[in-house]
Structure formats: C-alpha cells, structure tokens
Amino acid sequence: MKDFKNGALFRLRHWFICISLILTVPSISGAQVKEFTLTVTEGEIELKGVKFPVWTYNNEFPGPVIRVKEGDTVRIKLRNMSGAKHGMFFHGLRVDNRIALQEQVPVDPGYEYVYEFEAQPAGTHLYHCSWKMAEHLNRGMFGLFIVEAKEEKGFDREFAYVISDWNSRADSGGHGQGHPANIMDNDITTINNKAVTAHAPQVMDAKDGERVRVRIANIGYLPHKLRFPKGFLVTHEDGYPISEPKTQETLTIYPGKSHDISIAAVEGKWPLYHNVERPSAAEKGGAEASGHGHDGQKYDVKKIQEDTSLNEEIGLVLDVKGKVK
Ligand SMILES: [Cu+2]
C-alpha cells in the first residue's frame with residue numbers, strides 16, 4: 001500500500017494537460033507511448049431536469065474517449081482530486097494482475113497513480129472506476145476506450161457511444177446511487193452525455209454512399225435494444241471481429257457488452273429505434289407490439305415522434321444528406 005502510493009505521489013514532473021492526451025512518443029517498432037491524465041473531481045450533471053451528483057474525469061461526463069492504436073504503450077495517470085477513493089478498471093483490455101482488479105488498491109483522495117499497459121486487443125472497450133463499482137458507475141465514472149486496429153478499413157465515418165441508465169428518484173427515496181432497488185428501476189437513458197428521447201436523440205450525420213461504423217457499449221444495468229429495419233452488419237462483439245457478419249435488424253446490447261455495427265448510408269433520416277428492456281417491458285408492449293418497423297419503409301421521424309407510444313424509443317438517428325462525390 002505504501003509503495004503503491006509513494007511511487008506516484010506528487011512527482012515533480014510537468015504534465016501538459018490538454019483534456020486527456022498529453023504526450024505521444026514514437027518508438028522504433030511504430031508503436032507509440034501514449035500518456036493521458038484523468039483528474040477526478042466532484043461535479044453535478046442535469047438529465048431531464050434532475051440533478052445528479054457525479055465524479056468526473058477532467059470535468060467531463062462521460063469521461064473523455066481514450067483512443068490509441070493496437071500495440072501502443074498506454075500510460076494513464078489517475079489524479080484523485082475528489083473526496084472519495086477511486087480506482088480504474090480497463091474493461092475488455094488485456095492487463096496484468098497489478099492493473100486488473102486482483103491486486104488493485106484504490107487511490108486515496110489527494111493521491112495519484114499511473115496505470116501502464118500495452119493496448120490489446122483492438123476494439124471498442126471501456127474504462128471505469130473499480131471502487132464500489134455500482135455506486136461509482138452510477139455517478140458517471142466511465143468512458144470509452146478505443147483501441148484502433150493496426151489497419152482500420154471498411155468505413156468512411158465513425159461514431160462512438162456509451163449507453164447508461166439513471167434513476168431520477170435515486171437519492172430522494174431512501175435508496176442511494178448504486179442500490180439494487182435503484183438500478184433495477186432506472187428511468188433515464190443516456191447515450192454519451194445526452195439523456196435521449198425521441199425529441200432529443202443522438203444524431204449521426206453522414207452522406208449517401210458512405211459506410212458508417214457505430215461503436216456502441218452499454219455500461220448501464222439494463223439491456224438496450226437497437227432496431228433498424230433496413231438492417232446493419234454487426235462486425236465486432238466486445239472488440240473481437242465476428243467471422244461472418246450478417247445483416248441484422250435488431251441488436252440487444254447487454255450490460256457490459258460492446259458491439260461495432262456497420263451501416264450503408266442512404267439518403268434520408270433514419271431512426272435507430274432504441275428500446276430499454278426493463279423488467280416491465282412485457283407489460284408495456286414495447287416497440288415490437290407497435291406494428292412499426294418490419295416492412296422496410298422509409299421512416300418519417302416527425303410522424304413517429306407524434307406517436308406517443310414510441311416516444312422514448314429513438315435514441316439514435318442517422319441523418320443522411322447529400323451524396324459522396
Ligand atoms: Cu470511483
């Protein structure tokens with residue numbers, strides 16, 4: 001415990017903090033050393049008019065996207081400037097026991113620690129706090145960790161999203177953030193920093209003829225289902241390529257999972273229906289019972305928004321305007 005802290009405590013090195021990436025050092029092999037600093041402080045975010053106390057990385061919710069190349073040496077300095085203990089978990093990445101949960105010791109308030117490992121495997125991963133996880137994840141301590149393959153090909157545009165769940169009644173009804181009764185009763189979905197609704201989805205802009213890659217991970221507690229009647233290819237699961245990707249109309253993203261999907265963009269405004277599979281979903285009927293979505297027709301977003309039965313069910317929209325020249 002003592003060594004763990006002393007090794008990293010208040011080093012007299014000057015770090016130039018620009019959001020997250022602070023230093024890139026090339027090596028002979030082509031792999032690079034990529035250094036990031038994540039400073040944890042207390043904060044507050046507002047989702048659908050409800051204020052949630054959070055701990056942020058570099059004052060951002062979710063934490064900044066960390067993007068490196070496969071094989072890079074990654075150094076992440078966690079500076080704990082909050083009043084609580086925190087650690088780091090690299091979800092989906094290969095790290096040794098010292099950095100994995102087995103031997104990890106949380107970082108006390110006022111201390112810092114540097115996590116170092118080689119970026120493997122390529123894919124869409126997550127980082128999140130490793131200390132009192134249910135509570136700390138519910139307080140916004142997560143972000144995307146993208147390891148690009150040595151050669152990235154097959155798409156023209158990329159969007160990366162992390163989904164989470166929030167309970168607007170937590171902290172007011174006797175159950176704090178992270179309590180099982182709270183996390184099974186979530187009523188707000190965030191995709192990145194946005195509490196999504198049919199009126200406020202995340203919008204992906206693209207051009208006709210482009211191939212769009214969507215990296216999407218679920219750090220919440222409930223399964224989230226995407227449905228796109230035109231179909232998409234699911235190319236990766238938890239970072240691993242799928243050997244024979246098939247065209248799918250639906251994809252359920254379970255908690256802790258990530259998928260990469262590939263969409264051929266065609267002119268129009270295309271909702272990707274988004275349905276949260278709550279325990280009560282069967283009673284609600286959900287998107288499947290609505291009668292929409294299985295005939296491959298072009299969707300009129302405005303019309304769908306007027307259909308209140310679908311109101312909470314568009315989290316993502318692909319807005320395709322103009323052609324690729
Ligand atoms: Cu934490």
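Ground rules come next. This is a predicted model; local features need pLDDT of at least 70, side-chain atom pairs count only at pLDDT 80 or more, and totals for chains, interfaces and linings use all residues. Residues are numbered from 1 along each chain as its sequence is written.

Overall picture. The protein chain has five helices and 20 strands. Those are DSSP runs, numbered from the N terminus: helices are H or I with at least four residues, strands are E with at least two. The protein chain has 325 residues, and 37% of them count as buried. Buried takes 20 or more other C-beta atoms within 10 Å of the residue's own; 12 or fewer is exposed, and in between is partly exposed, with C-beta atoms placed from the backbone.

Now contacts. Two residues are in contact if their C-beta atoms, placed from the backbone, lie within 7 Å. Take the contacts between residues at least 6 apart in sequence: 73% of them join residues at least 24 apart.

Helix H1, residues 2-6, has the lowest confidence, at a mean of 32, while E5 has the highest, at 97. Residues 1-22 have pLDDT below 50, and this stretch has 26 contacts in the model beyond near neighbours in sequence.

On to the strands. Two strands pair if DSSP finds at least two bridges between them. In general, strands of a sheet pair through backbone hydrogen bonds, either parallel or antiparallel.

E6 pairs with E8, residues 123-128, in the antiparallel sense over three bridges. His-91 has Leu-126 in E8 as its bridge partner.

Next, E18, residues 258-264. Five of its seven residues are buried. E14, residues 211-218, runs antiparallel to E18, and seven bridges join them. Arg-213 stands opposite Ser-262 in E18. E15, residues 224-237, also pairs with E18 in the antiparallel sense, over four bridges. There, the partner of Glu-237 is His-259 in E18.

Asp-72 is in the loop between E4 and E5 (73-80). Why does Asp-72 count as buried? Because 22 other C-beta atoms lie within 10 Å of Asp-72. Leaving out residues up to four places away in sequence, Asp-72 touches Ala-31, Gln-32, Lys-34 and Ala-119. Glu-148 is 76 residues from Asp-72 in sequence and 10.0 Å away in space, C-alpha to C-alpha.

Val-114 sits in E7, residues 112-118. Val-114 counts as partly exposed because it has 15 C-beta neighbours inside 10 Å. Val-74 lies 40 residues from Val-114 in sequence and 9.8 Å in space, C-alpha to C-alpha.

That's it from me. Over to you.

Note on methods:
pLDDT is the predictor's confidence in each residue, from 0 to 100.
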